[in-house]
Amino acid sequence: MFEKVESCPVCESKLSDNLIICKDHTVSKESFAISRCRNCGFLYTNPRPSEQRLGSYYESEDYISHNKKSNSLINRIYKIARKFTVRSKVTMINKFTANKNTLLDIGCGTGEFINEAKKNKWLINAVEPGTLARKSAEELNGISIYENIQLIEKTKFDAITMFHVLEHVADLNGTMKKVRKLLHKEGSLFIALPNSASWDSVHYKNDWAAFDVPRHLYHFNQETAALLFKKHKLEVVQTLPMKLDAFYVSLLSEKHAKGKMNYWQAFWNGLKSNKWAKNNQNNYSSLIYVLKKR
């Protein structure tokens, strides 16, 4: 039912310490430990649900990226913000990809981003393991979507996107190896991750919503992300902020910490987080890493 991670997924050291205990506020209300590697500092949920059981922790109407039905106030805010962010993401991949042709979106959710990319003349492929989300994405985009990245063979993509996906995948290194294989030699890879070194992470501690245990199996900062990318012969060419995430994550974190929404405090903390990040090595709440093959 649960499995212990015996070695660090990034550096393979077997030495780690429990850093913090976090609660699953979304589904199970269970508590999970986050370990820190003594060698490289990487954070990972440990122990974690088995791969067969992990899917049950996504079964909630509050898990908005996989569910179009949820209509709470916070999820309506999320949907409004998503309309702006999908456009900015398409603008970004257009900017950093020389050959605008084929796109693979891994973890496409309900398909809004690939729909916007399709309007911008990208040839779309996508992966989504969640059954309901995949069905919604297929209906929206009129295409068949892969259930698993390993089903894609003999294809190279000019752009590959993984927006808040890598922290969820059980086989971290196997996924990175496959992604690199699918990326065209001149292509661009875009990976968005929560940043455990952000102001809002330090402020909210174990109530930080972006820990999101046990769905988030890994918890990156810029240094540990760079180590993983280097391991898979990928070079970070630019790191971009996701400034809206500071507000959304702070809003959820306020609810975790105090049991109720505090919109003004969340807004203020989002501003604080973004202002602090500007002067502290780009440590925004979430970051997009633009990568090329080395």
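Helices, H or I runs of at least four residues, and strands, E runs of at least two, are DSSP runs numbered from the N terminus. With that in hand, one more point before we start: this is a predicted model.

Let's begin in a loop. Arginine 215 sits between helix H6, residues 199-204, and strand S10. Is arginine 215 buried or exposed? It is buried, with a relative accessible area of 0%. What does its side chain reach? The backbone oxygen of tyrosine 57, at 2.8 Å.

Lysine 205 counts as exposed, at 52% relative accessibility.

Now the sheet. S10 belongs to an open sheet of 4 strands, in the order S2-S3-S4-S10, with antiparallel pairing. Which strands stand at the edges? S2, residues 16-23, and S10, residues 218-219. Each has a single partner strand, so one side of each is left without a neighbour in the sheet. Further in, S3 covers residues 31-37 and S4 covers residues 43-45. 3 bridges join them. One detail there: arginine 36 has leucine 43 in S4 as its bridge partner.

Proline 47 lies in the loop between S4 and strand S5, residues 48-49.

Next, cysteines. How many disulfides does the structure hold? The count is 0. Take cysteine 8: the nearest cysteine sulfur, in cysteine 40, is 3.6 Å away. Cysteine 8 is buried, at 1% relative accessible area. Then cysteine 11. Its closest cysteine sulfur is in cysteine 37, at 3.5 Å, and that is too far for a bond. Cysteine 11 counts as partly exposed, at 27%.

Glutamate 12 lies in the loop between strand S1, residues 2-3, and S2. Here is another positive phi in a residue other than glycine, near 70°. Glutamate 12 is exposed, at 53% relative accessibility.

Last, a helix pair. H5 spans residues 172-182 and H7 spans residues 222-231. Their axes come within 10 Å and cross at roughly 55°. H5 and H7 are therefore oblique to each other. The crossing is right-handed.

How values were computed: Residues numbered from 1 in each chain as written. Predicted model: local features only at pLDDT ≥ 70, side-chain atom pairs only at ≥ 80, totals over all residues. Heavy atoms only, no water. Pairing = 2+ DSSP bridges. Buried < 20%, exposed > 50% of the residue type's maximum accessible area, 1.4 Å probe, protein only. Polar contact = N/O pair within 3.5 Å; in protein donor to acceptor, adjacent residues only side chain to side chain. Disulfide = S-S within 2.5 Å. Axes fitted to C-alpha atoms, helices over the stretch in contact; angles between N-to-C directions. Parallel < 35°, antiparallel > 145°, perpendicular 65-115°, else oblique. Left-handed = near helix turned anticlockwise from the far one by under 90°.
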